[in-house]
Amino acid sequence: MSLPLRKRTVHFYEIHLSSFTNAAVKNPSCASLTDLLQNFTLLASGSKLPRTIRQSSQLHTVLADWNYDAANNCYELLVSKANAALSDVALRDLGTAKLRKAGKTKVEGIEVSAHVLIRPNTDGKKAAMLLTMGASVAAQDIEVMLRLMSRQASKDPRSKSLFYFDDPSGAKTPDGKPLQYKVQYRFAAYGHQGQTLATALKSGEFESMELIAHEQAKFDAGGNLQIVERSLGIQARIPKTVTGATITNAVRSFRQSPDGAIYDKLRLHYKTVAGKRTSAVLDIKNLDAAFTLKEHIEFDSDVEAQQERLSTVILAGMKPLLQLVPS
């Protein structure tokens with residue numbers, strides 16, 4: 001798999017923390033996400049990396065690097081995925097022009113890396129997470145990693161205060177100490193729904209949009225080529241004046257006409273507050289709904305698709321984006 005050497009797309013997520021217990025406690029206590037991540041940092045730095053997150057006959061996902069940035073209060077993770085199903089690279093002899101495969105065996109996989117930033121929120125139960133896309137590393141891989149580290153931490157005596165809490169009944173053990181119960185933790189990642197059409201254009205600037213109609217129709221006489229989508233391109237003479245309300249009202253009015261009834265999606269192109277070009281696809285029937293936030297970052301130098309250590313170039317492009325989501 002190849003990634004653009006000077007670009008990355010960053011998707012925004014929220015990590016939600018919750019606790020559960022096998023004890024007869026209705027509302028179990030829960031450590032703060034900050035305390036848990038600090039504890040996980042000790043585990044990551046104290047053990048040999050890379051550490052396996054998921055493994056199958058075709059895929060192997062590992063935590064390759066981990067660091068805490070105190071200045072930005074965020075955790076930096078490098079997660080890499082090796083895929084045996086990806087095509088082998090080709091090498092060409094510069095003198096003879098002959099082409100050959102590089103020689104990947106059946107038990108080897110081509111590895112691509114993703115960078116992750118996790119910044120705990122002040123409420124202690126959520127965190128913002130930024131993930132570079134294109135390496136096939138998903139938010140669910142980060143969930144699995146956090147669960148694995150939580151299980152390891154629960155076995156470490158130094159982490160006892162994060163997993164054991166006094167029973168709310170006030171009961172005592174035979175030696176007079178408070179009776180305690182043990183909790184376990186769930187980590188769930190959700191797409192950051194912090195952007196609406198209105199907020200995206202209030203903080204950014206409209207560039208263009210397309211109305212999209214999905215249909216099935218023949219394109220050639222034999223019917224082998226099929227039309228599956230039509231689009232209608234729209235631009236503004238004065239982009240800065242376009243607001244969410246402008247688009248919503250115009251689209252609703254247009255869809256009442258015979259020509260507009262077939263369109264069901266809207267693809268919006270706009271500049272974000274950071275000056276980056278991005279896009280979002282929205283359901284025309286629900287233009288007021290929030291959509292997942294994403295950003296595109298570009299670098300001044302080439303950045304390879306696979307790293308063994310955290311890339312300062314990629315991290316420098318990601319960290320300013322943390323300002324786009326509340327803490």
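**Salt bridges in a predicted model**

D288 is exposed (over 50% relative accessible area; buried means under 20%, partly exposed in between; 1.4 Å probe, protein chains only), with a relative accessibility of 52%. This is a predicted model, where local features need pLDDT of at least 70, side-chain atom pairs count only at pLDDT 80 or more, and totals for chains, interfaces and linings use all residues. Residues are numbered from 1 along each chain as its sequence is written, and side-chain values use heavy atoms, with hydrogens and water left out. A salt bridge here is a side-chain nitrogen of Lys or Arg within 4 Å of a carboxyl oxygen of Asp or Glu. The count is nine salt bridges.

**D288 and R252**
- D288 pairs with R252 in a salt bridge, and their closest N and O atoms are 3.6 Å apart.
- The two residues are 36 apart and link distant parts of the chain.
- D288 sits in the loop between β15 (277-283) and β16 (294-298), while R252 is in helix α5 (residues 244-255); helices (H or I, at least four residues) and strands (E, at least two) are DSSP runs, numbered from the N terminus.
- R252 is partly exposed, at 47%.

**D141 and R54**
- A salt bridge joins the side chains of D141 and R54, at 2.6 Å from N to O.
- D141 lies in helix α2 (residues 139-154) and R54 in strand β2 (residues 51-55), 87 residues apart.
- D141 is buried, at 3% relative accessibility.
- R54 is partly exposed, at 37%.
- A network of salt bridges links R54, K81 and D141.

**R158 and D156**
- The side chains of R158 and D156 form a salt bridge of 2.7 Å, N to O.
- R158 is exposed, at 65%, whereas D156 is buried, at 14%.
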